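I opened my notebook to look up a few things in this structure. Here is what I wrote down as I went.

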Amino acid sequence: YAEAPARWRTELCSPQAVAYMAKVRLAACEHEELWIAYLDTQNRLLAWEMAAQGSVHTVPLYPRDVMARALELKASGLILVHNHPGGSPRPSGADIDLTKKIQSAGEPLGIRLTDHVIVTDDTCYSMVEDCIIPPAS
């Protein structure tokens, strides 16, 4: 069910649409998982993949691995999505730092970071909506 949007090439046009898709997999997780929605030029989903699994409060991810996979898929954009099992959707300093590193890694490759969405059991948080990262053009 959670992978159906990739088969249908769903357009991900809001943090809420991303969160809805992510909650199917992440709502009951007791540890952090970071997933990536790889997008084409029209923000249609090419792939929805788990990039890393972590502990109850952190998840490791390397920007070069993200970009390597984006290039393999010929993605034009991506959305980072991870859960906060503790319940607070607010990003940590490490979340913000990772987001900016991935955004910087994608710029020379023409891969835009569309958003970083954090989900909990009952809400979601968008770094673009909170102006932590600028909206992709």
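This is a predicted model: local features need pLDDT of at least 70, side-chain atom pairs count only at pLDDT 80 or more; totals for chains, interfaces and linings use all residues.

**Burial.** For burial I went by relative accessible area: buried is under 20%, exposed is over 50%, and partly exposed is in between (1.4 Å probe, protein chains only). Residues are numbered from 1 along each chain as its sequence is written, and side-chain values use heavy atoms, with hydrogens and water left out.

**Ser-76.** Is Ser-76 buried or exposed? Ser-76 counts as buried, at 19% relative accessibility. I found Ser-76 in the loop between H3 and S3. The names come from DSSP runs numbered from the N terminus: helices are H or I with at least four residues, strands are E with at least two. Next I looked up contacts, meaning heavy atoms within 4.5 Å. Setting aside neighbours within four places in sequence, Ser-76 is in contact with Leu-39, Asp-40, Thr-41, Gly-110, Ile-111 and Arg-112.

**Helix H2.** I went to Val-18 next, which is in helix H2 (residues 15-26). Val-18 is buried, with a relative accessible area of 2%. Which residues of H2 are buried? They are Pro-15, Val-18, Ala-19, Met-21, Ala-22 and Leu-26. Seen down the axis of H2, these buried residues fall within an arc of 165°, so they line one face of the helix. The arc is taken from the directions from the helix axis to the C-beta atoms. I also noted that Val-18 and Ile-79 are 61 residues apart in sequence and 8.4 Å apart in space, C-alpha to C-alpha.

**Cores.** A nonpolar core is a set of buried Ala, Val, Leu, Ile, Met, Phe, Trp, Tyr and Cys residues joined through side-chain atoms within 4.5 Å. The largest one has 22 residues, and Tyr-38, Val-66, Leu-78 and Ile-102 touch the most other members. Strand S1 (33-39), strand S2 (45-53), H3, S3, H4 and strand S4 (112-119) each give this core at least two residues. I checked Ile-102 too: leaving aside neighbours within four places in sequence, Ile-102 is in contact with Leu-61, Pro-63, Val-66, Met-67, Leu-78 and Leu-80. There is a second, separate core of 15 residues, and Ala-19, Trp-48, Ile-79 and Val-119 are among them.

**Salt bridges.** How many salt bridges does the structure hold? I got 5, where a salt bridge is a side-chain nitrogen of Lys or Arg within 4 Å of a carboxyl oxygen of Asp or Glu.

- Arg-69 and Glu-72 meet in one of them (2.8 Å, N to O). Both lie in helix H3 (residues 63-73), 3 residues apart, about one turn of the helix. Arg-69 is partly exposed at 26%, whereas Glu-72 is exposed at 54%. Glu-49, Arg-69 and Glu-72 are linked in a network of salt bridges.
- Asp-97 pairs with Lys-101, with the closest N and O atoms 3.3 Å apart. They are 4 residues apart in helix H4, about one helical turn. An α-helix has 3.6 residues a turn, so residues three or four places apart point the same way. Asp-97 is partly exposed at 40%, and so is Lys-101 at 46%.
- Arg-90 pairs with Asp-130, with the closest N and O atoms 3.4 Å apart. This pair links distant parts of the chain, 40 residues apart: Arg-90 is in the loop between strand S3 (77-83) and helix H4 (93-106), and Asp-130 is in the segment after strand S5 (124-126). Asp-130 is partly exposed at 33%.
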